[in-house]
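This briefing goes through one chain, from its overall build to a few individual residues. Please keep the sequence and the coordinates at hand while reading.

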Amino acid sequence: MQSNLKTPQLSFGGQPLDMAPESMGQLRSSIDAIDDRDELHRRVALDGYLFLPGYLDRKEVKIARQSSLQKLNEKGIFQEGYDLDEAILKPGQVLRSSQEVPIGNEPLLKLLYSGRMIEFYSFFLGGPVIHFDYTWFRSKSSADSAVSNPHCDIVYMSRGSTRNRYTSWTPLGDIPLVMGGLMILEGSHLQEELKATYGRSDVDLYCENIGEAAEIMARAKAENRDLTEEEKQGITWTTMGAYCESAVEARKTIGGRWLTSEYKMGDLLIFTMFTMHAGNDNQTNRLRISTDTRYQPASDSIDKRWVGDTVGNWDIRDKQGMIC
C-alpha cells in the first residue's frame, strides 16, 4: 500500500477533501522498475497507473513549458512585473483548457511524441507505437469553476483496440500539492461493475429511440454540421463524460483512496483507460499547466476521432445511435 500523504488541506470544487490516511494517499513510484517490463506490467495491472518521478528530461520539459507560456502570454493573462516562468495570473483570471497552445509548438510536441516518451512506450508495449494526434493542453487557474470531474478516459476514446491504450499525464512545471495536481482513485480500474456500466458508455453514443433524437441527428448529418446547444439538450446521451461531479462522491461510491503527489518537472504519470482520475483545486495565484496524451501499439486499431488533420471529438459523423 502506498504511504500516507503529508499534505495541507486539499479541496475539489471548493469542497474540502477528506485528508485522513484511509481517504488520501501518495502515488507509488515505479521509477525503480523502469528497466523491468514484466514488473511494470504487473504494477499497472495492480495499481492502474505507473508514476515515474524524474523520468523525462527536465531541461526538455522546461523548454516546452517556456514555449507554452509564451503562447499563453499572448492572451494577456499574466500579472506584469513577474518572470513569465512564475505564471502569476492577473486577479480573477479564469483559464482551464487552451487547446491552441500545442499547435505549431515544436518543443512541446517533441517532448510528447519523441525521445524519452516514445522510448518508454516502445519498451513497455514491446514494439512500435502510435499516438493520438490530438494533444489535450490543460491550463488550470485558481478562479476556475470548471473542475476536472472524476472520469475514466475510456468513455472519450473507446473505439478501436483499447486493451493496450494508455494516457500520459505530463506536468509542465513543478506542481505543489495545493496547485491542483492529478489524483488517481485507488483500485478504480478493477471495479467490474464500473467497467460494465459507466465504462461501456461513449460520449458520442446517443439513444435514438428517445424523444426526437433520431430526427435531430438525421437533420444535422444531412447538413453536415455540428449540433446546436438546443439540439444537444434534446438528445439523451449514454454519458456526458464525467462519472459524477464530486471527488468526494466518487470515492464514497467506488471506494479506495485518492492518490496524488507533489509533482516535479520531469515527472510522468501513466494510467489505463479505466483508471478514474480528477484534479483537485488550484489554491494558488499561479497557472498550472499540463498535457494529456495517448499511446498504443502501432499494430492496434485506433480511435479515428482523435487522429488526422481535423480532430477534437466534434465531427457529426462520429455520433452513433443505439436503442436504449
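**Overall build and selected residues**

Of the 324 residues of the chain, 52% count as buried. The model is a predicted one, and its secondary structure comes to 8 helices and 14 strands. The radius of gyration of the chain is 20 Å, close to the 20 Å that the globule rule gives for 324 residues, so the chain is as compact as a globular protein of that length.

**Dimensions, contacts and surface**

- Along its principal axes, the C-alpha trace of the chain spans about 50 × 50 × 40 Å.
- When contacts with a separation of 6 or more are considered, 80% of them in this chain are accounted for by residues 24 or more positions apart.
- The accessible surface of the chain comes to about 14700 Å², and carbon and sulfur atoms hold 49% of that surface.

**Ser-246, between two helices**

- Ser-246 lies in the loop between helix 7 (229–233) and helix 8 (247–254), and its relative accessibility of 12% is under the 20% limit, so Ser-246 counts as buried.
- The side chain of Ser-246 reaches the backbone nitrogen of Glu-249 at 3.2 Å.
- With neighbours within four places in sequence left aside, Ser-246 is in contact with Phe-12, Gln-15 and Pro-150.

**Glu-231, within helix 7**

- Glu-231 has its place in helix 7, where it is buried because its relative accessible area, 10%, is under 20%.
- A polar atom of the Glu-231 side chain lies 2.9 Å from the backbone nitrogen of Thr-228.
- Apart from neighbours within four places in sequence, the residues in contact with Glu-231 are Ile-216, Arg-219, Arg-225 and Asp-226.

**Pro-53, between a strand and a helix**

- Pro-53 is found in the loop between strand 4 (49–52) and helix 2 (58–73), and with a relative accessible area of 26%, between the limits of 20% and 50%, it is partly exposed.
- Although Pro-53 and Leu-268 are 215 residues apart along the chain, their C-alpha atoms are separated by 6.2 Å.
- Once neighbours within four places in sequence are set aside, Pro-53 is in contact with Ser-29, Ile-31 and Asp-267.

Key. Residues are numbered from 1 along each chain as its sequence is written. This is a predicted model: local features need pLDDT of at least 70, side-chain atom pairs count only at pLDDT 80 or more; totals for chains, interfaces and linings use all residues. Side-chain values use heavy atoms; hydrogens and water are left out. Helices (H or I, at least four residues) and strands (E, at least two) are DSSP runs, numbered from the N terminus. The radius of gyration is taken over C-alpha atoms; the globule rule is 2.2 Å times the number of residues to the power 0.38. Buried means under 20% relative accessible area, exposed over 50%, partly exposed in between (1.4 Å probe, protein chains only). Contact means heavy atoms within 4.5 Å. Accessible areas come from the Shrake-Rupley method with a 1.4 Å probe; for residues, only the protein chains shown count as cover. A polar contact is a pair of N or O atoms within 3.5 Å; within protein, one must be able to donate a hydrogen and the other to accept it, and residues adjacent in sequence count only if both atoms are side-chain atoms.
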